[in-house]
Amino acid sequence: MGKKLALERIIHNQGFGARKLCRLMIWNQEVTVNGQVCDDPDAEFDLEQLHYTVKGEAWDYREQSYLMMHKPSHYECSHKTQHHPTIYSLLPQPLVVRDVQCIGRLDEDTTGLILISDDGQFIHRMSSPKHKVPKVYEVTCKHPVSDAQIAHLCQGVQLIDEDAPIAALSCTRINAHVLHMTLAEGKYHQVKRMVAAISNRVEALKRIQIGELVLPADLAPGQWRWLSETDMKHLGALPA
Ligand code: URA
């Protein structure tokens, strides 16, 4: 048997609001546990394999949250945004209450794969420059990309404000204007600055892979999903 906790605390910990509010919802029979209404806020439940609903919406108990999102264009990655809605508005409120954070930021006009979690260690591991988790970007360039420009990106380009040249780990041409570029770092506007340094210009940018985790083809812009165990392995966050 795993750890047990009172229902009121479970619902509160999972992000459904203040303890008092959670108690009221339980009393009002708005919460079911493993298929049955429970109106006793003090009833204790085993946290393992715990399925519950709140106001008809189904949830699994999760100690911590690990998710991926297909970031759409015209959304910002911060909590307090300036000009566009925040990507957090695309998540259910309980996750926002749990204070999930995105791991690294994508520009407002960049789309694609972004990881979100409330596990500080995981966030640190995925974003720390020490771990160099590779990220793959699909880069649409304004001008056709030459072999010399690709070679330049792979050999390293000098960016203003950087001490040493930065090189792409790899760079593959998909067609005259589109590259797949893999980077080990996540510096500010890195792809756009690197492409500008080879006298070209980014017209569209999409992150398509982090570590071995590929943006799923069936995850539409604006959608999110929980990371599976396989996804976590692909991120190197669990033993393979
Ligand atoms: N590089 C950029 O220039 N922008 C992003 O959003 C991500 C990487």
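A residue counts as near a molecule when one of its heavy atoms lies within 4 Å of it. By that rule, the ligand is surrounded by L106, D107, T110, Y137, H189, Q190, V191, K192 and L205. This is a predicted model: local features need pLDDT of at least 70, side-chain atom pairs count only at pLDDT 80 or more, and totals for chains, interfaces and linings use all residues. Residues are numbered from 1 along each chain as its sequence is written, and side-chain values use heavy atoms, with hydrogens and water left out.

Start with the shell around the ligand. By class it holds 4 nonpolar, 3 polar and 2 charged residues. Here Ala, Val, Leu, Ile, Met, Phe, Trp, Tyr, Cys and Pro count as nonpolar, Asp, Glu, Lys and Arg as charged, and the others, Gly among them, as polar. Helix 6 (residues 190-197) gives the most, with 3 residues. Helices (H or I, at least four residues) and strands (E, at least two) are DSSP runs, numbered from the N terminus.

Now the backbone. A backbone N or O atom of H189 lies 3.3 Å from a ligand oxygen atom. For K192, a backbone N or O atom is 3.1 Å from an oxygen atom of the ligand. A polar backbone atom of V191 lies 3.1 Å from a ligand nitrogen atom.

Strand 5 (residues 51-54) is joined to strand 6 by 4 bridges. There, T53 has A58 as its bridge partner in strand 6.

How values were computed: Two strands pair if DSSP finds at least two bridges between them. A polar contact is a pair of N or O atoms within 3.5 Å; within protein, one must be able to donate a hydrogen and the other to accept it, and residues adjacent in sequence count only if both atoms are side-chain atoms.
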